[in-house]
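The sequence and the model are shown first.

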Amino acid sequence: MKISDINMERTKALPAAGAAAVSDSVDLYADEVGPVGANLEVHLELPALASLVDDKTCTITFQDSADDSSFAAVAGAPTLTLTGAGGAGAAADKVRFYLPPATRQYVRFSVAVEASGGDNTAASATMKFRV
């Protein structure tokens with residue numbers, strides 16, 4: 001059984017088409033998570049996006065920082081991309097992974113909607129941690 005930490009959960013409304021938004025960061029209280037990261041499971045989740053235009057994407061990327069200011073994608077962490085299709089948008093999806101050992105102290109996610117991707121601003125992306 002995994003236990004979820006509500007204090008480490010972050011939610012962010014999706015941006016307008018052609019833009020990106022970032023969640024508030026989470027402080028992991030360690031310069032690098034090292035082997036402890038193997039016990040910390042990350043969930044990145046996107047809801048169903050009925051307004052996502054055919055062949056347009058919404059992508060969520062896991063990022064880290066040493067100083068809570070300059071963030072970059074975490075090497076070894078997957079991204080999650082939804083693609084609109086069939087005039088019905090995209091189904092909800094999530095990705096789960098364990099923190100890579102070199103993950104730095106502060107983490108957040110970035111979510112981007114491709115230009116002309118429709119109005120998905122009523123939906124929110126979520127990042128959760130489980131141990």
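Is D55 buried or exposed? At 64% relative accessibility, D55 counts as exposed, where exposed means over 50% relative accessible area, buried under 20% and partly exposed in between, with a 1.4 Å probe and protein chains only.

The model is a predicted one, in which local features need pLDDT of at least 70, side-chain atom pairs count only at pLDDT 80 or more, and totals for chains, interfaces and linings use all residues. Residues are numbered from 1 along each chain as its sequence is written, and side-chain values use heavy atoms, with hydrogens and water left out.

**Overall architecture**

The protein chain contains zero helices and ten strands, and its elements follow the order β-β-β-β-β-β-β-β-β-β from the N terminus. Helices (H or I, at least four residues) and strands (E, at least two) are DSSP runs, numbered from the N terminus. The C-alpha trace spans about 45 × 35 × 25 Å along its principal axes.

Of the contacts with a separation of 6 or more, 80% join residues 24 or more positions apart, a contact being heavy atoms within 4.5 Å. Buried residues account for 43% of the 131 residues. The accessible surface comes to about 6500 Å², and carbon and sulfur atoms hold 51% of that surface; the areas come from the Shrake-Rupley method with a 1.4 Å probe, and for residues only the protein chains shown count as cover.

**The nonpolar core**

In soluble globular proteins, nonpolar side chains tend to be buried together. Here the largest nonpolar core has 31 residues, among which L44, L46, F62 and F129 touch the most other members. Such a core is a set of buried Ala, Val, Leu, Ile, Met, Phe, Trp, Tyr and Cys residues joined through side-chain atoms within 4.5 Å. At least two residues of this core come from each of β3 (26–32), β4 (41–46), β5 (57–65), β7 (80–83), β8 (93–98), β9 (104–113) and β10 (124–130). The most is given by β9, with four residues. Beyond its neighbours within four places in sequence, L46 contacts L14, C58, I60, L80, L82, A92, D93, V111 and A125.

**Loop residues**

| Residue | Phi |
|---|---|
| D55 | about 65° |
| S116 | about 60° |

D55 is located in the loop between β4 and β5. S116 belongs to the loop between β9 and β10 and is exposed, with a relative accessible area of 56%.

T121 is also in the loop between β9 and β10. This residue is partly exposed, with a relative accessible area of 38%. T121 and A16 are 105 residues apart in sequence, yet their C-alpha atoms are 6.0 Å apart. Apart from neighbours within four places in sequence, T121 is in contact with A13, L14, P15 and A16.

A38 lies in the loop between β3 and β4. A38 and P101, 63 residues apart in sequence, are 7.3 Å apart from C-alpha to C-alpha. Not counting residues up to four places away in sequence, A38 touches Y98 and L99.
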